[in-house]
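Hi,

Here is the model I promised to pass on. Have a look at it first, and then read on for what turned up.

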Amino acid sequence: MSAPASPEVRPLRIAVFASGRGSNLQALHRAITHDALPAQLVGVFSDKAGSGAIAYAEAQHIAHSHLDPKSFATREDFDAALMQKAAAVTPDLIVCAGFMRIISETGIRAAACPMINIHPSLLPKYPGLHTHARALAAGDAEHGASVHRVEAVLDGGRILSQAKIAVMPDDTPERLAQRVLAIEHPLLIATVRAIAEGRITLSEGADTRVSWLNHRLELE
Ligand code: GRF
């Protein structure tokens, strides 16, 4: 008798929102192409035409699109257009990876799927900008990065995972930013993998796969 066929696992369809250099996007893409992440990058969306993220998507033949905020009368109009474009690639998950715009509440509500964001601090400490300088100014012994669900509070959605490093006596904001970035990449990959594998679940309603858990990943 042959064993029952196991149900086919569909790779998680990921759309990335990014404004800048795009190193987190690249880390996700590398993990996918090295079979370390059961996912597919279905689109990259940016508010900056000249961003590294858009250049990378273009070079790697990943579907991408840029929307200029100046072409929209209001933040809500921009967000509606962004969410509509993203919905067209039918993502399971939107990853904000260095997306330097606040998304309005109506924009968040219009998203076709759950959205997560990577933020360079140990939230709830230091939402917003200049996180590394703020951690240094406060004399913190530890600093790090968090992945959280995007909710209508700036960097205030439910925390899904965190990774930390020790602050060194000779750290400058730039040096600290560099060392935090190095742990952001494995943190984001591990978090998206946990979502893809159902260890962090993502639905609030019956129509999504799972429900959000406040799940902290341990990184080696
Ligand atoms: C990262 O530090 C991320 O945490 C923050 O913006 C930066 C983006 O870097 N939100 P990159 O564009 O992914 O290289």
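This is a predicted model: local features need pLDDT of at least 70, side-chain atom pairs count only at pLDDT 80 or more; totals for chains, interfaces and linings use all residues.

The largest pocket holds about 940 Å³ of space. Its lining is made up of 36 residues, and those closest to the centre are Gly-98, Phe-99, Met-100, His-119 and Pro-120. Sorted by type, the lining residues come out as 18 nonpolar, 13 polar and five charged. Where do they come from? Helix H1, strand E5 (115-119), helix H5 (131-137) and helix H6 (173-196) each put in at least two residues. H6 is the biggest contributor to the lining, with five.

Now a step back to the whole chain. You'll find six helices and seven strands in it, and from the N terminus they run in the order β-α-β-α-β-α-β-α-β-α-β-β-α. Of the 220 residues, 50% are buried. If you take the contacts with a separation of 6 or more, 61% of them are between residues 24 or more positions apart.

Next, the loop between E5 and H5, which has two things to show you. One is Ser-121, which sits in this loop. Is Ser-121 buried or exposed? It counts as buried, because its relative accessibility is 0%. Setting aside neighbours within four places in sequence, Ser-121 touches Tyr-126, Thr-131, His-143, Gly-144, Ala-145 and Ser-146. Thr-131 is 10 residues away from Ser-121 along the chain, yet their C-alpha atoms are separated by 6.1 Å. The other is Pro-124, also in the loop between E5 and H5. The peptide bond joining Leu-123 and Pro-124 is cis, with omega at about 15°.

Gly-144 stands opposite Lys-164 in E7. Strands E6 (residues 142-149) and E7 are antiparallel partners, joined over seven bridges. E7 (residues 159-166) is mostly covered, with six of its eight residues buried.

Helix H2 (residues 52-59) is worth a click too. Which of its residues are buried? They are Ala-53, Ile-54, Tyr-56 and Ala-57. These four span an arc of only 160° around the axis, so they lie on the same side of H2. As for what they pack against, the buried residues of H2 meet helix H1 (23-33), strand E2 (39-46) and strand E3 (64-66).

Most residues other than glycine have a negative phi, and most peptide bonds are trans. His-61, which follows H2, has a positive phi near 60°. Asp-35, in the loop between H1 and E2, likewise has a positive phi near 60°. Asp-155 has a positive phi near 50°, and you'll find Asp-155 in the loop between E6 and E7. What about the accessibility of the two aspartates? Asp-35 counts as exposed because its relative accessibility is 72%, while Asp-155, at 14%, counts as buried because the cut-off is under 20%.

Cheers

Methods. Residues are numbered from 1 along each chain as its sequence is written. Side-chain values use heavy atoms; hydrogens and water are left out. Buried means under 20% relative accessible area, exposed over 50%, partly exposed in between (1.4 Å probe, protein chains only). Two strands pair if DSSP finds at least two bridges between them. The arc is that of the directions from the helix axis to the C-beta atoms. Contact means heavy atoms within 4.5 Å. On a 1 Å grid over the protein atoms alone, a cavity is a set of points where a 1.4 Å probe fits but cannot get out, and a pocket is an open set with protein on both sides within 12 Å along at least five of seven lines; lining residues have an atom within 4 Å of a point. Grid points are joined across faces, edges and corners, and a volume is the space filled by probe spheres set on the points. Ala, Val, Leu, Ile, Met, Phe, Trp, Tyr, Cys and Pro count as nonpolar, Asp, Glu, Lys and Arg as charged, and the others, Gly among them, as polar.
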